[in-house]
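Here is a short briefing to read with the structure open beside you. Take your time, and look up each residue as it comes along.

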Amino acid sequence: MRFAKTMRAKALLLASLGIALCPAAQAQQTQSRLFEITKSHKLRVCTFTGYYAISFRNPQTQKLEGIDIDLAGSLAKSLGAELQFVETNFGIFIADVQTNKCDVAMFGIGITLKRAQAVEFTHPYLQTGIYAVVRKGDKIKTWDDIDKDGVSVAVTLGSYIEPFMQSYLKHAKVVSIAPPATREQELMARHVDAEIVDYPTAQKVQADFDWAQTIEPPTKLLATPFGYAVAPGDQIWLNYLNLFVDTIKRNGELQEAARKNNLGPIVAP
């Protein structure tokens, strides 16, 4: 009787996560990160500490801040786990996820077909287009001024914006910036004429630097959803994360975290 009750409880758990109780699922279940996390009470989250309003180390306080720092804390709390951040960046996060350096990557990762060949993504929680940030009073006044001979444009190495701009621009030069260097440093030093960023970065840079001005394209470009990334092959863990995203959408926590970090307009439906 006790065994039957245990099996019913397991079946209910699996059903709640959207998984059929079959031999294949049972085999996968024993290997899921979800059970490793709840057993060890530790959640390892890959984060990039140079992403304004998303996952950013404040240079004044040295503390991490941003929407995904807040939501990583909520995820850890839902699991009864201690939160451990693992620093990464857009150029290496896929390898870090694949080699078990972290359980999930949470730092505003654009969901692209190329990345989906290597990692699995949760349901989207944010969605943004791209913008240019320039120095006020410089030669770039409108979006049409960007793609011209002699113009240099900074993008982050490994970002989803990098390959798009390399194919989009026909005359301007694309300069890929690798951490710890930043696009803002290159723009302030006049090594480049503009940086191409998403909504969170555009908002933060313009708020923090009085020399910065945001330029929008005439039509929305590269509308990209953001999700959390995990290693392939663990449907139970992915299902839990999807349930987490769906839950914070329903209960208002996502909208509140977005409002706190000035990202309300780009919350995904």
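What percentage of the 269 residues in the chain do buried residues make up? The answer is 48%. Please keep in mind that this is a predicted model. The chain contains 11 helices and 14 strands, and the points below pick out some of them, topic by topic.

**The chain as a whole**

- The average pLDDT of the chain is 90, and 89% of the residues reach a score of at least 70.
- Residues 1-29 are a stretch to treat with care: pLDDT stays under 50 there, and the model has 25 contacts beyond four places in sequence for them.
- Where pLDDT is low, the predicted coordinates should not be read in detail.
- Among contacts in the chain with a separation of 6 or more, 71% are between residues 24 or more positions apart.

**The nonpolar core**

- The largest nonpolar core has 79 residues. Those with the most contacts inside it are L43, V104 and W237.
- Helix α10 gives this core its largest share, 8 residues.
- Leaving aside neighbours within four places in sequence, L43 is in contact with residues including I37, A72, L75, V104 and W237.
- L75 sits in helix α4, which covers residues 67-79. Is L75 buried or exposed? L75 is buried, because its relative accessible area is 0%.
- Beyond its neighbours within four places in sequence, L75 is in contact with L43, V104, M106, Y240, L241 and F244.
- L75 and L241 are 166 residues apart along the chain, yet their C-alpha atoms are separated by 8.4 Å.

**Aromatic rings**

- How many aromatic pairs does a search of the whole structure find? It finds 13.
- One of them joins W143 and Y168, with 6.4 Å centre to centre and 55° between the planes, and this pair is tilted.
- The pair links distant parts of the chain: W143 is in the loop between β9 (130-135) and β10 (152-156), while Y168 is in helix α7 (residues 161-168), 25 residues apart from W143.
- W143 is buried, since its relative accessible area is 8%, whereas Y168 has 29% relative accessibility and so counts as partly exposed.
- Why is the pair of W237 and Y240 described as stacked? The ring centres are 6.2 Å apart and the planes are at 15°, and planes under 30 degrees apart count as stacked.
- W237 and Y240 are 3 residues apart in helix α10 (residues 235-250), so about one helical turn separates them. Both of these residues are buried.
- F48, Y51, F90, F93 and F107 form one aromatic cluster.

- Strands β2, β3 and β4 form an open sheet in the order β2-β3-β4, with antiparallel pairing.
- Which strands are at the edges? They are β2 (50-51) and β4 (64-65), and each pairs on one side only.
- Strands β2 and β3 (residues 55-57) run antiparallel and are joined by 2 bridges.
- Y51, a member of the aromatic cluster, stands opposite S55 in β3.

- Why is strand β12 (residues 194-198) described as largely enclosed by the rest of the structure? It is because 5 of its 5 residues are buried.
- Both faces of β12 are covered. A194, I196 and D198 lie on one side, E195 and V197 lie on the other, and all are buried.
- With β9, strand β12 pairs in the antiparallel sense over 4 bridges. V133 stands opposite E195 in β12.
- With β10, strand β12 pairs in the parallel sense over 2 bridges. E195 is the bridge partner of A154.

**A buried serine in a loop**

- S159 is found in the loop between β10 and α7.
- S159 is buried, because its relative accessible area is 9%, and a residue counts as buried under 20%.
- Leaving aside neighbours within four places in sequence, S159 is in contact with F90 and R115. F90 is also a member of the aromatic cluster with F48, Y51, F93 and F107.

Definitions and conventions:
Residues numbered from 1 in each chain as written. Predicted model: local features only at pLDDT ≥ 70, side-chain atom pairs only at ≥ 80, totals over all residues. Heavy atoms only, no water. Pairing = 2+ DSSP bridges. Phe/Tyr/Trp six-rings, centres within 6.5 Å; stacked < 30°, edge-to-face > 60°. Buried < 20%, exposed > 50% of the residue type's maximum accessible area, 1.4 Å probe, protein only. pLDDT = per-residue confidence, 0-100. Contact = heavy atoms within 4.5 Å. Core = buried A, V, L, I, M, F, W, Y, C linked by side-chain atoms within 4.5 Å.
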